[in-house]
Structures are given as C-alpha cells and as structure tokens.
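Subject: Handing over the structure

Dear colleague,

I am passing this structure on to you, and the notes on what was found in it follow directly below. Please read them with the structure open beside you.

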Amino acid sequence: MSNSPSRSYDITLLGATGFVGALTADYLAANAPEGVRIALAGRNQSKLEALRDQLAAKHPRAKEFPLVIADSSDNRSLEKLARASRVVISTVGPYYRHGFPLVRECATHGTHYVDLAGEPLFMRESADSYHDRAAASGARIIHACGFDSIPSDLGMMLLGQRASENKDPLETATMIVKMKGGLSGGTIDSMREQFAAAKGNPDKKRLLADPYTLSPNRESEPNLGKQPDFGVVRESDIGGSGYGRDDVWAGPFIMAGSNTRVVRRSNALLSHAYGAKLRYSEYMYTGKGTKGRIQAVAMGAALGAAVAALNQDKLRSFLSRWVPEPGEGPSEAERDAGFFHTTHIGVGASGATYTNTISLDADPGYKGTSLMLSEAALTLVLSDAELPAASPYQGKTGGGVLTPATGLGMPYVQRLRDAGMKFSD
C-alpha cells in the first residue's frame, strides 16, 4: 500500500485556519502523541503562520508544525498534499462544492482521508466516483467523522454487535439524542448546498428522499415502505415491552436525514450484520409530559420553517439570526458548557431489547467534533494493524469510501474512550 510512514507528514489538516479547523489543530497540538508529524494546510500563508504562533503559545511543539499551501480549487496543490501525507483531514466545506478534488487525489495516491461531511449527495457521488480507486490504492476515505455521524454510526455498531452475540438480528433501532450546543455554521451551509444541488434536478431529489441513498447496492435493500426521517415519538413506543415511559417525548433531530443513511450504509457494507430488515430512526429528546409533547411538535414546525429558509436565498439573513455563519462559532466557555448524550434502543427478532449510550461533556458541533475528527485521523495513523478487516466490498486492501464503523471500528472506539467519551450498555 502506498500509504506508508515514509511520507513527510502523518496528518495534514486542510482548512486549519477556519473555526472548526483551528479547534482541530489545537486538539492535535495538545493531544497527538509525540512523534506524530502534523502539518497545517490552507490557502493563506500569513493566516497559517498566525495560527501556528497562536498554537505555539499554548503548545510549544506546534512551533515545528510545517505549513502547506493548498487550495481546493488547485488540483496540483492537492496532489502534492496527498502524496506527502499518510492521512488528510478536511474541514473545507460545503463538501459538495469543494470536496471532490481532494477525495480524488487521496483515493488515487493511497492517502487516508477523514472529514465532517453531513451531505448525503456528496457522500453518494464520492462513493460512485472514487470507491473503486480507493479500494485499489488502499485509501480509507471516511466521511462523517464529527458529531454527524459518529454517535449515530458507532452507537449502532455497538448495538448490532450485542444483538449479534445473541444471534438476534435487529428489526428496529432508534437513537434519542440530548444535547446542549448549537449546530455549526458549516453544517447549516452544507445543508443549504444540498438543497441547492437538488433544486430542479429530479434524480438528486429522489436520492435525497431515498432512505438508502448511500447503499452500495440498492437492489439488496429491503422494501420496508416509508421510513420518515422526522417525526414525534413517545419513548415507550420505540423499545420492546416494558422499555421507556409514556410521559417522555422526542421530536425531529435535524441531522437524522444524513445520519440514518450513514448507518444504513454501514449495515450494507457489513453484509447487513445488524439486521436484513432493520428500520433505523433518530429523534431529539424534548422532555416529559404535556410540555415535552408540545415541544416536540413545536420542534417539527421550527424544522419545517428552517428547511424553507434553507431553500430560499433571500431568507439566508433571516436564518443567520439564529445560527452562526461558516467560520463563526461560540466562545470557549460556551463550548465547554455543552454536552451530548445519545441512547440507542434496538429490538431484535426475538423481541429482546438492547440499549447503549454515548456521551461527552463538550459542545457537540465544535469542541466535540474537533475531538472526534482528530481521533479518527489518529486511529488511522496509530492503529493501522488493528483497523477493521477488509470486506468483499473493500477488496484485499481494506480501502474504499467507507463509514466510521466500517473504516475505523473498535480501535476508534477505544481512542474515543481514552479521550473522555463515555460508552455504556
């Protein structure tokens, strides 16, 4: 495999001077083991130098971080970056607009790649265009390595493993998320880009609506009828007999439309190991009793209004009153005060109920995401021999356009545990 320690850099971070990029650079400077060679990449030399100086004031090792000039619109610079790196982290979105050239170069040159994409159309076209190339070169191209979709994908992976131990394929699985902290401006911009790409294009609209948008083989998927991404649910209705309480409610989770498709791709790449007829859904906790139910319904109305705003350029300034623009974000104190807690509830063919939880005391869209993204790259650098074995879909190299569960697996879970994320049954 061409991805080897002889390359100049172990991890190159493209988009380092952006808001999430700078948080990721800070995390790597503080937490990457000594000897891991980290480079900072972007378009502007002076901004990169300023970032390196800022990092070095807290982390002296950052003084030695090389700076790489690269631009998502300059294919030659991306080729040089990919050839020089074992792993590339990209925080340059929206990915549908900016991401394909770098994925192509990484897939071509056997360079592992991770990003924050929560864009089903980008991930679909990435897989269609570059999976075979990555499988041949050994590059693991792993999208959705932030809050979208790490808790979703890893929680489902662990749930599926528990059910599999009992030879009990899952028929339903649901994730309920509690969180404090807003979505990033980049996430909102990416969602806006998806709607723009599908506007006036019936094929892309159908892809966005298909629950199996990311399936490697659409014909192999079950026909389960409608699988809505958004709705209102009562906790006692989502588990097996005796699970949950009638007075606990949950409403639509804005990232369910992307997360659910990543989870279904993982299941397909694993030969439907979670369950051949699995129904998977996600919701956000809203509270107990009548108040919780009203909040769940109100959340659905607010989400509908937000989608309308995302579809209208003239409403962008209206939407920006409530969400940050790309490159903006909350203060350090606000990031530290955030948290997320996810619960996966699955029901097997036997009727048995399985659960697990994932939690982190950090703002999910910023501090938590920079941790998850950084640890994904570190897993690829430091745990190469322990990464999930190649499946028939990946071929002998283990490469391809993968998901966190299929490309990183349990070595990644262990790194996240060590970094402070809590996993429990």
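The lining of the second largest cavity divides into four nonpolar, three polar and two charged residues, where Ala, Val, Leu, Ile, Met, Phe, Trp, Tyr, Cys and Pro count as nonpolar, Asp, Glu, Lys and Arg as charged, and the others, Gly among them, as polar. The residues in question are Y212, E221, P222, R264, N267, H272, G275, A276 and L278, and the volume that they line is about 50 Å³. A cavity here is a set of points, on a 1 Å grid over the protein atoms alone, where a 1.4 Å probe fits but cannot get out, and its lining residues have an atom within 4 Å of a point. Grid points are joined across faces, edges and corners, and a volume is the space filled by probe spheres set on the points.

Please keep in mind that this is a predicted model, in which local features need pLDDT of at least 70 and side-chain atom pairs count only at pLDDT 80 or more, while totals for chains, interfaces and linings use all residues. Residues are numbered from 1 along each chain as its sequence is written, and side-chain values use heavy atoms, with hydrogens and water left out.

At least two of the lining residues come from each of α6 (120-137), α10 (256-269) and β13 (400-402); helices (H or I, at least four residues) and strands (E, at least two) are DSSP runs, numbered from the N terminus.

Another cis peptide bond, with omega of about -5 degrees, links G93 and P94, and P94 belongs to the loop between β4 (85-90) and α4 (95-98). For background, most residues other than glycine have a negative phi, and most peptide bonds are trans.

Turning to helix packing, α7 and α10 lie with their axes 9 Å apart, at an angle of about 35 degrees; axes are lines fitted to C-alpha atoms, for helices over the stretch in contact, and angles run from 0 to 180 degrees between N-to-C directions. S152, D153 and M156 of α7 meet N259, V262, V263 and S266 of α10, contact meaning heavy atoms within 4.5 Å. By class, this contact has three nonpolar, three polar and one charged residues.

Helix α1 (residues 19-31) and helix α2 (residues 45-58) have axes that come within 10 Å and cross at roughly 35 degrees. A22, A25 and D26 in α1 are in contact with L51, L55 and K58 in α2, a set with four nonpolar, no polar and two charged residues.

Finally, the structure holds 14 salt bridges, each being a side-chain nitrogen of Lys or Arg within 4 Å of a carboxyl oxygen of Asp or Glu. One of them joins the side chains of R37 and D10 at 2.8 Å, N to O. Because R37 lies in the loop between α1 and β2 (38-42) and D10 in strand β1 (residues 9-14), the pair ties together parts that are 27 residues apart in sequence.

With best wishes

Terms used
On a 1 Å grid over the protein atoms alone, a cavity is a set of points where a 1.4 Å probe fits but cannot get out, and a pocket is an open set with protein on both sides within 12 Å along at least five of seven lines; lining residues have an atom within 4 Å of a point.
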